[in-house]
Every structure is written in C-alpha cells, then in structure tokens.
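Please keep the sequence and the model at hand while reading.

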Amino acid sequence: LPPATDPAAPSIPQAAQAPELLADQEAPRYPASSLRRGESGTVVLRVQVDAAGRAGDVEIIERSGSRALDRSAAEAALRWRFKPALDDAGRPVPGEAVVPVEFQPR
C-alpha cells in the first residue's frame with residue numbers, strides 16, 4: 001500500500017528552476033595556513049536557499065582535502081545571496097544549489 005498522506009498537511013512547493021548564485025559575491029578567504037602549505041583544491045557545497053535568496057544550511061558534498069579550505073568555503077556560502085528557485089508559476093520557493101568553490105594559490 002502507498003504511504004498514507006495527511007490531507008491537512010501543507011504541500012511543499014517544488015522548484016522548477018534551481019537557485020542561482022548572484023554575481024559579485026564575496027569570495028571565500030584563503031586561509032593563511034593553507035597558503036603557506038601550498039594547499040589547493042575544490043570544495044563542492046550544497047546550499048539550501050530560502051525563497052528570499054538567503055543561504056541557510058550548507059553541506060560539504062565534496063571535500064578539498066584541506067579542512068581549512070572546506071571550512072572557509074562553507075563559512076563564505078552562509079553570506080552569499082542567490083536568485084531564489086522558482087516554481088512552475090514563476091513564484092520564488094526554497095531550493096538548493098550545488099556550488100563548486102576552487103582554491104588555487106596565486
């Protein structure tokens with residue numbers, strides 16, 4: 001049998017278009033200790049974005065190999081702004097964005 005559903009439960013709007021990171025967001029700080037050690041890599045984040053385009057929960061889904069770089073990317077993502085996800089009618093809804101963050105010493 002299919003699982004029972006509560007008809008009184010509110011339905012969660014589904015995103016037809018995923019959130020997009022707005023241009024000109026603050027880049028993550030390159031930790032000085034990572035620079036000294038020559039650490040580099042890419043961190044891939046899953047960011048929960050509310051209907052106003054603000055970042056909520058941030059999950060690291062691929063690590064760079066450096067705890068300091070991973071932490072810096074996740075902390076920066078909490079300050080980022082996004083174009084919110086949109087439902088089929090074009091209304092803003094919560095959604096999630098997958099964002100790669102690359103660290104390369106210059």
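The model is predicted: local features need pLDDT of at least 70 and side-chain atom pairs count only at pLDDT 80 or more, while totals for chains, interfaces and linings use all residues. Residues are numbered from 1 along each chain as its sequence is written, and side-chain values use heavy atoms, with hydrogens and water left out.

**Chain**

The protein chain has two helices and seven strands, in the sequence pattern β-α-β-β-α-β-β-β-β. Helices (H or I, at least four residues) and strands (E, at least two) are DSSP runs, numbered from the N terminus. Of its 106 residues, 33% count as buried; buried means under 20% relative accessible area, exposed over 50%, and partly exposed in between (1.4 Å probe, protein chains only). Taking contacts between residues at least 6 apart in sequence, 71% join residues at least 24 apart, where contact means heavy atoms within 4.5 Å.

Three strands form an open sheet with the order 3-2-7 and antiparallel pairing. Strand 3 and strand 7 each have a single partner strand, so one side of each is left without a neighbour in the sheet. From one strand to the next, the twist averages 30°. Two strands pair if DSSP finds at least two bridges between them. The two pairings are set out here.

Strand 7 has a covered face made of G95, A97, V99, V101 and F103, and an uncovered face made of E96, V98, P100 and E102.

**Helix 2**

Helix 2 (residues 67–77) lies across strand 2, strand 3 and strand 7, at about 30° to strand 2. Axes are lines fitted to C-alpha atoms, for helices over the stretch in contact, and angles run from 0 to 180 degrees between N-to-C directions. How many residues of helix 2 are buried? Eight of the 11 are, so the helix is largely enclosed by the rest of the structure. The buried residues include L69, D70 and S72, and the buried set packs against helix 1, strand 2, strand 3 and strand 7. S72 has a relative accessible area of 6%. Leaving out residues up to four places away in sequence, S72 touches P28, R29, P31 and F103.

**Largest pocket**

The largest pocket has a volume of about 280 Å³. On a 1 Å grid over the protein atoms alone, a pocket is an open set of points where a 1.4 Å probe fits, with protein on both sides within 12 Å along at least five of seven lines; lining residues have an atom within 4 Å of a point. Volume is the space filled by probe spheres set on the points, which are joined across faces, edges and corners. The lining has 14 residues, of which A27, P28, V101, E102 and F103 lie nearest the centre. Strand 7 gives the most to this lining, with five residues. By class, nine lining residues are nonpolar, two polar and three charged.

**Loop residue D24**

D24 lies in the loop between strand 1 and helix 1. D24 is not a glycine, yet its phi is positive, at about 60°. Most residues other than glycine have a negative phi. At 80% relative accessibility, D24 counts as exposed.

Note on methods: Nonpolar A, V, L, I, M, F, W, Y, C, P; charged D, E, K, R; others polar.
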